[in-house]
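Student: Hi, I'm new to this one and would like to be walked through it. Could we take it a topic at a time?

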Amino acid sequence: RWCLFALLFLPTKTKRSIAVSYCCYYCYIRMDEELTRRMLSEGNIEGVKDYCVNAELDEKVSPNCIASASLYMVEMLSLLILNDLTSAKLLWKRIPTDIKKENSELLAVHQVFRVLWCNEPPKEAIAAYSWSPVVGAFMEELKESIVQRVFENTLAVYSTVHIDQLVLQTGLSKEDVLARATSSEYNWAFDNDTQYFHTAKAKGTNSTSTPSERMKALAQSISSLETS
């Protein structure tokens, strides 16, 4: 039931639609369920990525060290969420050519990687493909990780930033950027005349939610669905 466990990575805002559709999907990769549960409960995306790397070398999962397209997909998505683009590039090089050619969704994931590698916003590359529900939800998690990274980096480097710059880097609308930046999560002051934010870390709050918090929220939703 890899599909079920993969869903636990996803942000709370996508849980309803994905939880409903996950039961229609077959196994993504063979994975030790207890180990997977533990890694997910810890918010350990790095651990799942490492598991995929090791699975490539496991003859039971990857005969002749050739994994399934699904395993490569999960590994690539994990690397993109972790912003480990160098490893993602190396992964792409070792995926057999025939697997790449036969899987259009994997090719589309690679297009997203290429945009990120060029340090460009991936909004158009993500929107250009009609993703399957599971991969699409991973893309939502990727977009959220990019937004969080942009805000964190801006906070660490700049005392002021123009709203258009955040719109460009995050792929969010002006309304969403304004709502995010002025929320209790960041509490940045906004000057309507100049359209600049004055960045400041909100006291007593964390700048981001942890992966495990999002996973636990979705896990509860899926558990409720199973028992209903």
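**Aromatic residues and the core**

Tutor: Let us begin with a single side chain, keeping in mind that this is a predicted model: Trp-131 has a relative accessible area of 15%, so it is buried, the cut-off being under 20%.

Student: And Tyr-129, how does that one count?

Tutor: Tyr-129 counts as partly exposed, because its relative accessibility is 25%.

Student: How are the rings of Tyr-129 and Trp-131 placed?

Tutor: Their centres are 4.7 Å apart and their planes meet at 50°, so this pair is tilted. Another tilted pair is made by Phe-190 and Phe-197, with 4.7 Å from centre to centre and 45° between the planes.

Student: Is Phe-197 buried or exposed?

Tutor: Phe-197 is buried, since its relative accessibility is 0%. Phe-197 also belongs to an aromatic cluster, together with Phe-151, Tyr-186, Trp-188 and Phe-190.

Student: What lies over the face of Phe-151?

Tutor: That is Arg-180, which sits 5.9 Å from the ring centre.

Student: Switching topic: which residues touch the most other members in the largest nonpolar core?

Tutor: Those are Leu-80, Val-109, Val-112 and Leu-142, in a core of 49 residues. Among the elements that give two or more residues to this core are helix H5 (69-81), helix H8 (104-117) and helix H10 (133-157), and the largest share, ten residues, comes from H5.

Student: What is Leu-142 in contact with, leaving aside neighbours within four places in sequence?

Tutor: Leu-142 then has contacts with Leu-80, Ile-81, Val-112, Leu-116 and Ile-126.

How values were computed. Residues are numbered from 1 along each chain as its sequence is written. This is a predicted model: local features need pLDDT of at least 70, side-chain atom pairs count only at pLDDT 80 or more; totals for chains, interfaces and linings use all residues. Side-chain values use heavy atoms; hydrogens and water are left out. A nonpolar core is a set of buried Ala, Val, Leu, Ile, Met, Phe, Trp, Tyr and Cys residues joined through side-chain atoms within 4.5 Å. Buried means under 20% relative accessible area, exposed over 50%, partly exposed in between (1.4 Å probe, protein chains only). Helices (H or I, at least four residues) and strands (E, at least two) are DSSP runs, numbered from the N terminus. Contact means heavy atoms within 4.5 Å. Rings of Phe, Tyr and Trp (its six-membered ring) pair if their centres lie within 6.5 Å; planes under 30 degrees apart count as stacked, over 60 as edge-to-face and the rest as tilted. A charge sits over a ring if NZ of Lys or CZ of Arg is within 6 Å of the ring centre and within 35 degrees of the ring normal.
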